[in-house]
Amino acid sequence: MTDRLLNPDYIFESSWEVCNKVGGIYTVLSTRAKTLQEAHPDQVIFIGPGLWKREDGNYTQEESPYFREDDALFAEWQREAKQNGLTVRVGRWTVPGEPIAILVDFMPFFEKKNEIYGWLWEHYQVDSLHAYGDYDEASMFSYAAALVVESFYKHYLNESQKVIYHANEWMCGLGALYINNKLPQIGTIFTTHATSIGRSIAGNMKPLYDYLFAYNGDQMAGELNMQSKHSIEKQTAWHVDCFTTVSDITAKECVELLDKPVDVVLPNGFDNSFVPKAAQFTKKRKAARKRLLDVANALLGENLDDDTLIISTSGRYEFRNKGIDVFVEAMNRLLRDKDLKKQVVAFIEVPGWVGEPRKDLQERLACGKQFDTPLDVPQVTHWLHNMSHDNVLGMMKYYDMHNRKDEQVKVIFLPCYLDGKDGILNMTYYDIVLGNDLCIYPSYYEPWGYTPLEAVAFKVPCITTDLAGFGLWANSVFGHNGEIEDGVKVIHRTDYNYSEVADVIKDTVAEFSGFTKKQVEDCRKKAEALSKKALWSEFIKYYEAAYDIALRKAGERSEKNEELK
């Protein structure tokens, strides 16, 4: 079957997160790049936003740590593009595989915004009237990205070559529709990583799953003030050659909220080339555990040793959607659990509205002494701008969780990006995650879920839910609901069983605390084995199927156009 699939000669893929590390889609694209680049060397071209800033009336490019410019790449076309009013930088995305990336300045198109939106309404009935916030910025980038493809195609390519344009998220929908209209010989793919309405329903504390069949996407868009984002997302889904999403659970959302079934599910894979091997792994794990315990001991005035159970949750600060609320609830219940066999320190690694690292904590860490008294507010490592209105600290205060000496469970909020320069931990997320004994991601709304996949890739068993695409996938691999002995515990979660989920987390942590060394080792091996089934080398076949669908539809369209001439 595979050898009969149509294979693209060129793949253009656009996303706001190309060379721009702001969310989970960055991980999807940057880890997939190596596998794509191996299959299509230098014929995969990623297009991202040139985030220019104005200085003295001119636009200058802010340096991106994830992009290396190369003036020699497509030099002739770069000059031509500039003459035609397109300012681009061409180079390499500095991730494994080092694919070609083009960053485009989209700012000049704002002055044509109304004209562009008029064209969009006229051809595709996209309602941009209610646009606000990031809609304009995303749309102008998407338009510019499409112009890049059009210009490049006309300079270098022709109809004898099979070309794909892959747009990620509603933010790139306008460009996909432009290509569909202006270059019908190009096969178009659109991936929604989460429907804008589904995420909004969940984020607004409305029950999503029990009522999914009854929600009308257009009606909810009006109610939630999401008309423009929903409109571009829905019309793109309907008009591209191949509509895709990242998990079976989001595919159901697409049917109900966009009235359009997906053509293919493209699960998110992982590239484990940066997971340290053997002795290096052991060394890094020890360093991570030491650093986490040093920070905990300095903050708490404790002497927690390496036998302490280190657990964490992490991700974006979506308090309900990511299950941060139920994590705190579970830790509060664990405080009174008679079956807990070890001391527990639980980290909440979620970027909040961070002010600055705590000076008193920095001083304690620098002097290297042991302390037997806690610092004030021993629940947080960095001061926040909104200490009195923060959800995590507010919930801990409500439950009187103050990390007292005699308590077996301590919860610490690390409210910063773990980029290695936060002022307290000073280690990157990937250098820290492997120090955990157990990671917990009890998501309510999670189209896929990279955090549990990353955890198991670093041999850390985890707890997630079957409302996460990853959790559902893990169940399908196991052939049953995952248990902690499988490396991943998958909890059944609904709109209404919050309390039950908190209890299952509490019980699972207590059970894990009593595991023998051998049981823990088996658990870690199974977690790693599962992660290898989610490598991009395993999942790229779904993309190949999507390319085939898009190319066949584009081919049929070209034939019809020829007949009409």
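**A walk through strands and helices**

Let's start with two strands that run parallel: β12 (residues 309–314) and β13 are joined by six bridges. If you want a spot to look at, find threonine 313, which sits opposite isoleucine 348 in β13. Keep in mind that this is a predicted model.

Stay with β13 for a moment. In a regular strand, side chains alternate between the two faces of the sheet. Here both faces are covered, with Val344, Ala346 and Ile348 buried on one side and Val345, Phe347 and Glu349 buried on the other. That makes six buried residues out of six in β13 (residues 344–349), so the strand is largely enclosed by the rest of the structure.

Now for an open sheet. Nine strands build it, in the order β5-β6-β7-β2-β1-β8-β9-β10-β11, and their pairing is mixed. The edges belong to β5 (67–69) and β11 (264–265); each has a single partner strand, so one side of each has no neighbour in the sheet. Within this order, β9 (residues 187–192) and β10 (residues 242–245) run parallel and share four bridges. Threonine 192 has threonine 245 in β10 as its bridge partner. Helix α5 (residues 173–182) lies across β8 (163–168) and β9, and runs at about 155 degrees to β8.

Finally, a pair of helices. α2 (residues 75–83) packs against α4 (residues 135–156) at an angle of about 125 degrees, with the axes 10 Å apart. The two are therefore oblique to each other, and α2 passes α4 in a right-handed crossing. On the α2 side, the contact is made by Glu76, Trp77, Glu80 and Ala81, while α4 brings Val148, Ser151, Phe152, His155 and Tyr156. Sorted by class, this contact has five nonpolar, two polar and two charged residues.

Methods
Residues are numbered from 1 along each chain as its sequence is written. This is a predicted model: local features need pLDDT of at least 70, side-chain atom pairs count only at pLDDT 80 or more; totals for chains, interfaces and linings use all residues. Side-chain values use heavy atoms; hydrogens and water are left out. Axes are lines fitted to C-alpha atoms, for helices over the stretch in contact, and angles run from 0 to 180 degrees between N-to-C directions. Angles under 35 degrees count as roughly parallel, over 145 as roughly antiparallel, 65 to 115 as roughly perpendicular and the rest as oblique. A crossing is left-handed if the near helix is turned anticlockwise from the far one by less than a right angle, and right-handed if clockwise. Contact means heavy atoms within 4.5 Å. Ala, Val, Leu, Ile, Met, Phe, Trp, Tyr, Cys and Pro count as nonpolar, Asp, Glu, Lys and Arg as charged, and the others, Gly among them, as polar. Buried means under 20% relative accessible area, exposed over 50%, partly exposed in between (1.4 Å probe, protein chains only). Two strands pair if DSSP finds at least two bridges between them.
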